[in-house]
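Dear colleague,

I am passing on the structure that follows, together with notes for someone who has not looked at it before. Please keep it open beside this message while you read.

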Amino acid sequence: MPAEPVPRIGYVLKVYPRLSETFIVNEILAHERAGTELEVFSLRPPGDGRFHETVGRVRAPARYVPHAGLHAQTLWEAISQAGEAWPETWPALARPAGADARDVFQALWLARAVRERGITHLHAHFANVSAVVARLAAQVAGVPYSVTAHAKDIFHEDVDPEVLRALLTDARVAVTVSGFNLRHLRGLAPDAELHRVYNGLPLAALPYADPAARPPRILAVGRLVEKKGFDVLVAACARLVAEGRPVACDIVGTGAEHDRLRALIAEHDLAAHVRLLGPRSQEEVQLAMHGAAVLACPCVVGADGNRDGLPTVLLEAMALGLPCVATPVTGIPEAVEHE
């Protein structure tokens, strides 16, 4: 009997690597430890100025799918060539599931890479443009695809439920990161093969330490965006200071809310109590956790419907022995039990 071909998985990501998406790197590394052959395809170049050390341990090659300088003639030539080579092209393009011209071009480029590199399966992280491109590429190349849905790609007001339903239903399997998400998505796409898989952690790299002797410092970690609720944390610190309590709070991360948070800190005269530390590596975050008494994770539902799925930082903090205070948003109560 001929040997079964070795599976080769193509990971399709909007941006790789990204400082805030440590859970994806952890997953890739876990696959590699299990012997899975991987290649990473990034639809956009990275924009972060720094990356976590763990990215350097990924053996899988990363390829950047062309995305700029697209003209109508270029697109038509790509479609025509694909249509001649692969008859699946035309029926795939008839059901684009939210794809625009650039997505189609990238999907055709990716389909060619799948054929040339012996990729047997595509997996998209986030049910956004990553899944749109992976779905089309998989249909053209004649391979299956899967998708992991997280948070913004599910709940943001800009999400088209019909597109999301198609991305989930057409996938061989769809994964999401919390039971809350799973119930929501099963209501939206009852015919999809849906499963809950919590984000995993490399526990050996997160050694537990007794928190009893740690200094009374509050720590918060995450992108500085509305759904993280860091404005609520600043207001809480102001209340504690007004009550005469000693307060020291560090907020790690970068994002669109930076200037607003800085203004709130100034407005409440908290410069001596609350610091915005900017982005930090995983190693620096771990040191900060060992030097804090509590992790604050005050997630909220944004005005645009965006919300967290289940912040990995909560799991990391608990693994390290850091007590957590959080809000009961989406999947958070699945990790943080009240009292």
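**A pair of rings and what surrounds it**

Phenylalanine 155 is buried, with a relative accessible area of 10%, where buried means under 20% relative accessible area, exposed means over 50% and partly exposed lies in between, computed with a 1.4 Å probe on protein chains only. Before going further, please note that this is a predicted model, in which local features need pLDDT of at least 70 and side-chain atom pairs count only at pLDDT 80 or more, while totals for chains, interfaces and linings use all residues. Residues are numbered from 1 along each chain as its sequence is written, and side-chain values use heavy atoms, with hydrogens and water left out.

A search of the whole structure finds two aromatic pairs, a pair being rings of Phe, Tyr or Trp (its six-membered ring) whose centres lie within 6.5 Å, counted as stacked if the planes are under 30 degrees apart, edge-to-face if over 60, and tilted for the rest. One of them joins phenylalanine 155 to phenylalanine 180 in a tilted arrangement, at 6.0 Å centre to centre and with 50° between the planes. Because phenylalanine 155 lies in helix α6 (residues 152–155) and phenylalanine 180 in helix α8 (residues 179–188), the pair ties together parts that are 25 residues apart in sequence. Helices (H or I, at least four residues) and strands (E, at least two) are DSSP runs, numbered from the N terminus. Phenylalanine 180 is partly exposed, at a relative accessible area of 29%.

Helix α8 has as its buried residues Gly179, Asn181, Leu182, Leu185 and Leu188. These buried residues pack against β5 (145–149), α6, α7 (161–170), β6 (173–176) and β7 (194–196), with contact meaning heavy atoms within 4.5 Å.

**Two helices side by side**

Two packed helices are described by the angle between their axes and the distance between the axes. For helix α9 (residues 230–242) and helix α10 (residues 258–267), the axes come within 10 Å and cross at roughly 10°; axes are lines fitted to C-alpha atoms, for helices over the stretch in contact, and angles run from 0 to 180 degrees between N-to-C directions. The helices α9 and α10 are therefore roughly parallel to each other, given that angles under 35 degrees count as roughly parallel, over 145 as roughly antiparallel, 65 to 115 as roughly perpendicular and the rest as oblique. On the α9 side the contact is made by Phe230, Asp231 and Val234, and on the α10 side by Arg260, Leu261, Leu264 and Ile265. By class, this contact has five nonpolar, no polar and two charged residues, where Ala, Val, Leu, Ile, Met, Phe, Trp, Tyr, Cys and Pro count as nonpolar, Asp, Glu, Lys and Arg as charged, and the others, Gly among them, as polar.

**Backbone details in the loops**

Phenylalanine 126, in the loop between β4 (121–125) and α5 (129–141), has a positive phi of about 85° although it is not a glycine, and at 16% relative accessibility it counts as buried. Aspartate 269, in the loop between α10 and β10 (274–278), also is not a glycine and has a positive phi of about 55°, but at 65% relative accessibility aspartate 269 counts as exposed.

**Individual residues to look at**

Histidine 123 is found in strand β4 and counts as buried at 7% relative accessibility. Leaving aside neighbours within four places in sequence, histidine 123 has contacts that include Ile9, Tyr11, Glu27 and Val147.

Tyrosine 208, in the loop between β7 and β8 (218–221), counts as exposed at 59% relative accessibility. Apart from residues up to four places away in sequence, tyrosine 208 touches Met318, Ala319, Leu320 and Gly321.
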